[in-house]
Amino acid sequence: VAKNTLFLSNIKPYLQKGDSVLDVGCAEGFFVRYLVDRGYAAEGLEINERSIDFGRKEYGVTIYSHDVTKHNKKYNLVFTSGYFEHLEDPKRVLEHIRDNCLKEGGYIYMGVPDLECPNRQKLSEFFPPEHLQTYSKETISNLLYACGFEVKEIKHDVYNFGMAIVAQKTKFLSTEPICLPGYEIDKLLGNLKVMYDQKGTGTA
C-alpha cells in the first residue's frame with residue numbers, strides 16, 4: 001500500500017478525477033485497483049497469464065494480455081515502473097506509446113534505475129541479463145525529447161534506486177540531432193560496465 005500511495009502522489013498533480021491511466025507491466029493489477037478505487041479510469045497491461053487471471057478474478061480490473069507495442073487505446077497517462085530498463089529498443093516503445101497510447105497533452109510516468117545513484121554499485125541487477133538499459137538524468141531526458149516528450153519532473157525513486165520521471169506528450173517531434181549516450185553504449189557494446197567506467201558520459 002505504501003508503494004501505491006507514493007506512486008499516486010507522483011502522478012496525481014498531472015491527473016484529474018476520472019482521467020484514464022494505463023499501467024504497463026501491471027502484474028496482478030493491484031495498483032490498477034488502487035487507482036480505480038480512487039476515481040480513476042485505470043486499466044493494465046501484462047503478459048504473464050497467471051498474473052492476468054489473478055488480477056481479473058481477485059481485483060476485478062481490466063488487464064490486457066499483450067505487449068504495449070500492440071496496444072492502441074489512448075489514455076491521459078501511461079504509468080511504467082521497473083519496465084524501460086528491460087527493453088532492447090526503448091525508443092521504439094516510447095514512440096508507440098506517444099502515437100498510440102496517449103491523448104494529446106497526455107503524460108508518461110517512468111520509474112527507472114539511475115546510473116548515477118550512489119547505491120548502484122551494490123545492485124547486480126544493473127547489469128545484463130537482468131537490465132538491458134541504464135539511464136542517467138541526461139540520457140533519459142534526451143531519449144524522451146527525441147521521442148516527442150517534454151520532461152516535467154525528475155526526482156529520486158526510493159523503490160527503484162533511481163528516478164521517477166514525468167514527461168508530457170508534445171505536438172511536435174524533435175528535428176534536432178539526437179544524443180543518446182547511455183542508450184547507444186548499451187546498444188552497440190552490450191556492456192553496462194562501460195557506462196560505470198565512463199561515469200555516464202557515453203564516450204566510446
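Figure 1. Glu95 is partly exposed, at 29% relative accessible area. In this predicted model, Glu95 forms a salt bridge with Lys91. The closest N and O atoms are 2.5 Å apart. Both residues belong to helix α4 (residues 90-101). Four residues separate Lys91 from Glu95, about one turn of the helix.

**Figure 2. The salt bridge of Arg98 and Asp99.** The two side chains meet at 3.0 Å, N to O. Arg98 has a relative accessible area of 8%. That value is under 20%, so Arg98 counts as buried. Asp99 is partly exposed, with 41% relative accessibility.

**Figure 3. Glu104 paired with Lys169.** The closest N and O atoms of this salt bridge are 3.4 Å apart. The pair links distant parts of the chain, 65 residues apart. Glu104 lies in strand β5 (residues 102-113), and Lys169 lies in strand β7 (residues 162-169). Glu104 has a relative accessible area of 60%. This is over 50%, so Glu104 counts as exposed. Lys169 is buried, at 7% relative accessibility.

**Figure 4. The salt bridges in overview.** Side chains of opposite charge can pair when their charged atoms come close. The model holds seven salt bridges, counted with a cut-off of 4 Å between side-chain nitrogen and carboxyl oxygen. Among them are Lys91 with Glu95, Arg98 with Asp99 and Glu104 with Lys169.

Technical notes
Residues numbered from 1 in each chain as written. Predicted model: local features only at pLDDT ≥ 70, side-chain atom pairs only at ≥ 80, totals over all residues. Heavy atoms only, no water. Helix = DSSP H or I, 4+ residues; strand = E, 2+ residues; numbered from the N terminus. Buried < 20%, exposed > 50% of the residue type's maximum accessible area, 1.4 Å probe, protein only.
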